[in-house]
Amino acid sequence: MNQSPIAPHGGTLVDRFIADGERAAAQERSVTLPSLTLSARNLADLRCLASGIYSPLEGFVTEAEYQSILENMRLTSGLAWSIPITLQVTEAQADVIRAGSEVALSTAEGRTVALLKVTDVYRPDQAREAELVYRTTDNAHPGVQAMRAAGPVYLGGPVTVIDELPAEEFPELGMTPRQARQAFAEQGWQTVVAFQTRNPIHRAHEYLTKTALEMVDGLFINPLVGTTKGDDVPAAVRVKCYQVMMEHYYPTERVILGTYPAAMRYAGPREAVLHAISRQNYGCTHFIVGRDHAGVGSYYGSYDAQTIFNDLSAAELQIAILKFEHAFYCKKSNQMATTKTTVSGPEDRVILSGTKVREMLSRGELPPEEFS
């Protein structure tokens, strides 16, 4: 079987699931430890850490790594990393936790699923985090709001999963980096382009993905299914849309659909980098970044998520970024186009966006043929 031509970020695919022979002892020890209940976002991060999606991270970031990520957009090793993956607690919870101790991490139902070896307990400047990661301190920003609500004290250290994680919402589509790499190898793909989405695929998305597919062996449609904001289209609805697209609109032998379990942070440019790193870990060689990737509201410029990659070298991030301009339906040529490929004026362009599709659906309107 051919191996992926691209190494995981940092060279090694992380695996933080405990060996079978050590599981029973770890579970017995966990009963005696202080316990923290994980939020849905925490669980999503834990799944990404344990399975290698967030390689080379082995756990929630230490204070040194946190500061390096914030100020330099790199780990202390010099490797590109854009958003600190943190475990936050309240002051009351932090009172019983010390650096050097061990903590049990539990689900909302009280089942312990992992252990955290606490190396750092720290209280960073959350306003500074908001400014650098989200480019705003506005509490109306969903990422800023979630960060502030999670608690002012941060715990850093490696994690070890000691029991089954909660079942994924779409188990038939769940895919770890190892499984994705194996699937790509079985298809004989040496080049794979990943497409990140949290919306149903409309015509502009279809245009980007099919244009990219002309350049590579395979397409990995990798929709985010972790926590999103309340007015986003529910994951169950979106997955049905993706499955219809797979069945009727894409060549099935050249496309794989697999879910991305991360939570959405809406961090725009910085989240685009995290999304690219994750897809490199899956074994993808290319990653699509279009207009306002991972954006929300008007916090980011239309192409900020593309220009942020200009400051990263191949030594820091190997995956190749495919930068696309905003695509629209051109009434003059009766097909999808961008400003690079048409002479039509604004009056001949039907501008598409996930926001517009959501607004139409919320009003009970069926998007027109030019949209989807």
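Student: Where does M73 sit?
Tutor: M73 is in the loop between α3 and β3 (87-89). Keep in mind that this is a predicted model.

Student: Is M73 buried or exposed?
Tutor: Buried, since its relative accessible area is 11%, and the cut-off for buried is under 20%.

Student: Which other non-glycine residue has a positive phi?
Tutor: A294 has one, at about 60°. A294 is found in the loop between β11 (286-289) and α11, and with a relative accessible area of 8% it is buried.

Student: Left-handed or right-handed crossing?
Tutor: The crossing of α3 and α5 is left-handed.

Student: Which residues make the contact?
Tutor: On the α3 side they are Y66, L70 and E71, and on the α5 side R128, E129, L132 and V133. Sorted by class, the contact of α3 with α5 has four nonpolar, no polar and three charged residues.

Student: What do the side chains of R128 and E71 do?
Tutor: They meet in a salt bridge, 3.0 Å from N to O. The pair links distant parts of the chain, with R128 in helix α5 and E71 in helix α3, 57 residues apart.

Student: How accessible are those two?
Tutor: R128 is partly exposed at a relative accessible area of 33%. E71 is partly exposed as well, at 42%.

Student: How many salt bridges turn up in the whole structure?
Tutor: A search of the whole structure finds 16 salt bridges. One of them pairs the side chains of R135 and D304, at 3.1 Å from N to O. R135 lies in the loop between α5 and α6 (142-149) and D304 in helix α11 (residues 304-307), so this pair ties together parts that are 169 residues apart in sequence.

Student: What are the accessibility values for R135 and D304?
Tutor: R135 has a relative accessible area of 44%, which is partly exposed. D304 is partly exposed too, with 23%.

Student: And D231, what about its bridge to K229?
Tutor: Their side chains meet at 2.8 Å, N to O. D231 counts as exposed at 52% relative accessibility, whereas K229 counts as buried at 19%. Salt bridges that share partners join R198, K229, D231, D232 and R358 into one network.

Student: New topic. Which residues of α7 are buried?
Tutor: In helix α7 (residues 177-187), the buried residues are P177, A180, R181, A183, F184 and A185. Their cover includes α2 (40-51), β8 (192-195), β9 (218-221), β10 (255-257) and α10 (269-282).

Student: What follows α7?
Tutor: G188 does, and its phi is positive, near 80°.

Student: Where is I201 found, and what is it in contact with?
Tutor: I201 is in the loop between β8 and α8 (203-213), and it is buried, with a relative accessible area of 5%. Setting aside neighbours within four places in sequence, I201 is in contact with F195, E206, I221, Y242, M245, Y250 and S372. The C-alpha atoms of I201 and R238 are separated by 8.3 Å, and these residues are 37 apart along the chain.

Student: Last one: S344, buried or exposed?
Tutor: S344 is buried, with a relative accessible area of 4%. Its place is the loop between β14 (335-337) and β15 (349-351). Beyond its neighbours within four places in sequence, S344 is in contact with F328, C330, K332 and R349.

Terms used. Residues are numbered from 1 along each chain as its sequence is written. This is a predicted model: local features need pLDDT of at least 70, side-chain atom pairs count only at pLDDT 80 or more; totals for chains, interfaces and linings use all residues. Side-chain values use heavy atoms; hydrogens and water are left out. A crossing is left-handed if the near helix is turned anticlockwise from the far one by less than a right angle, and right-handed if clockwise. Helices (H or I, at least four residues) and strands (E, at least two) are DSSP runs, numbered from the N terminus. Contact means heavy atoms within 4.5 Å. Ala, Val, Leu, Ile, Met, Phe, Trp, Tyr, Cys and Pro count as nonpolar, Asp, Glu, Lys and Arg as charged, and the others, Gly among them, as polar. A salt bridge is a side-chain nitrogen of Lys or Arg within 4 Å of a carboxyl oxygen of Asp or Glu. Buried means under 20% relative accessible area, exposed over 50%, partly exposed in between (1.4 Å probe, protein chains only).
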